[in-house]
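Dear colleague,

Please find below the structure that I am handing over to you.

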Amino acid sequence: MSIVMPHSATVAVFPQFKEWLSHRFSSIHFAPRIANHDMAARMLARSEIDLALVTRHPKVQIDEDFRVFRSADIATERLVIVEPPDTPRHTALPLHISHPLTYIGQIWQVCRCELPVTEEIPHGMAAYIRAHCLAGPARGVLPETLVEADIASGRLVVRQEQKELAYAVSLFCAPGASRRAKQVWTITAENSPPDAG
């Protein structure tokens, strides 16, 4: 089955979802592709892929192409603001964010909070933000699952948490999807995975 998703979903959301599915299907194989929100919407609407994992936030509209399809929530995620440990509270640092044209970047633009910042630096991929935060004195706005290990090990700390930065990751099925992909969507919709909040 072909499945498209944002790069950030490949780290924790998709592997967990695939593991959950493996207990419901004897064998299941995916051909993952990475695409941003609007590209994934076009691919889904044209049935160029079977399934799409899509980020959704109540204050940020999803692409119009997604609105004609039903979604099945598979996980909840949130953005966290991270920084090096022992950073003084009022120290201004560069803030690395997702590009405002990305869906996660739009979540930040709508739900942002005030921070002491020298400059905001947009990136196309969350992995780059994480790398900058680990490499030098910088803050970053990242999906929590991407930096869980860094936080647990003390390499990064969460500066502050905001409920508004939580979002859902949902599964959509293309109209021309394979029979197997439609089964995956139906099972997901009827039996929400444990992380679906």
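Contact, as used in this message, means that heavy atoms lie within 4.5 Å of each other. Please also bear in mind that the model is predicted.

By that criterion, and leaving aside residues up to four places away in sequence, valine 184 touches Met1, Phe17, Leu21, Phe25, Ile28, Leu51 and Leu171. Val184 is also one of the residues with the most contacts inside the largest nonpolar core, a set of 53 residues; Leu51, Trp108 and Leu171 are the others named there. Apart from this core lies another, made up of nine residues, including Val80, Ile129, Val147 and Leu156. As a general point, nonpolar side chains in soluble globular proteins tend to be buried together.

An α-helix has 3.6 residues a turn, so residues three or four places apart point the same way.

I then turned to the aromatic rings. In one of them, phenylalanine 17 and tryptophan 20 have ring centres 6.1 Å apart and planes at 20 degrees, so the pair is stacked. These two residues are three apart in helix H1 (residues 13–22), which means that about one helical turn separates them. Both phenylalanine 17 and tryptophan 20 are buried.

In another pair, the ring centres of phenylalanine 66 and phenylalanine 172 are 5.0 Å apart and the planes stand at 40 degrees, so this pair is tilted. Phenylalanine 66 lies in the loop between strand E3 (51–56) and E4, whereas phenylalanine 172 belongs to strand E9 (residues 166–173); the pair therefore ties together parts that are 106 residues apart in sequence. Phenylalanine 66 counts as buried because its relative accessibility is 1%, and phenylalanine 172 is buried with a relative accessible area of 1%.

Finally, strand E1 (residues 2–5) and strand E2 (residues 31–34) run parallel and are joined by four bridges. Within this pairing, isoleucine 3 stands opposite proline 32 in E2. The chain passes from E1 through H1 to E2, forming a right-handed β-α-β crossover.

With kind regards

Notes
Residues numbered from 1 in each chain as written. Predicted model: local features only at pLDDT ≥ 70, side-chain atom pairs only at ≥ 80, totals over all residues. Heavy atoms only, no water. Phe/Tyr/Trp six-rings, centres within 6.5 Å; stacked < 30°, edge-to-face > 60°. Buried < 20%, exposed > 50% of the residue type's maximum accessible area, 1.4 Å probe, protein only. Core = buried A, V, L, I, M, F, W, Y, C linked by side-chain atoms within 4.5 Å. Pairing = 2+ DSSP bridges. Right-handed = clockwise from strand over helix to strand, strands pointing away.
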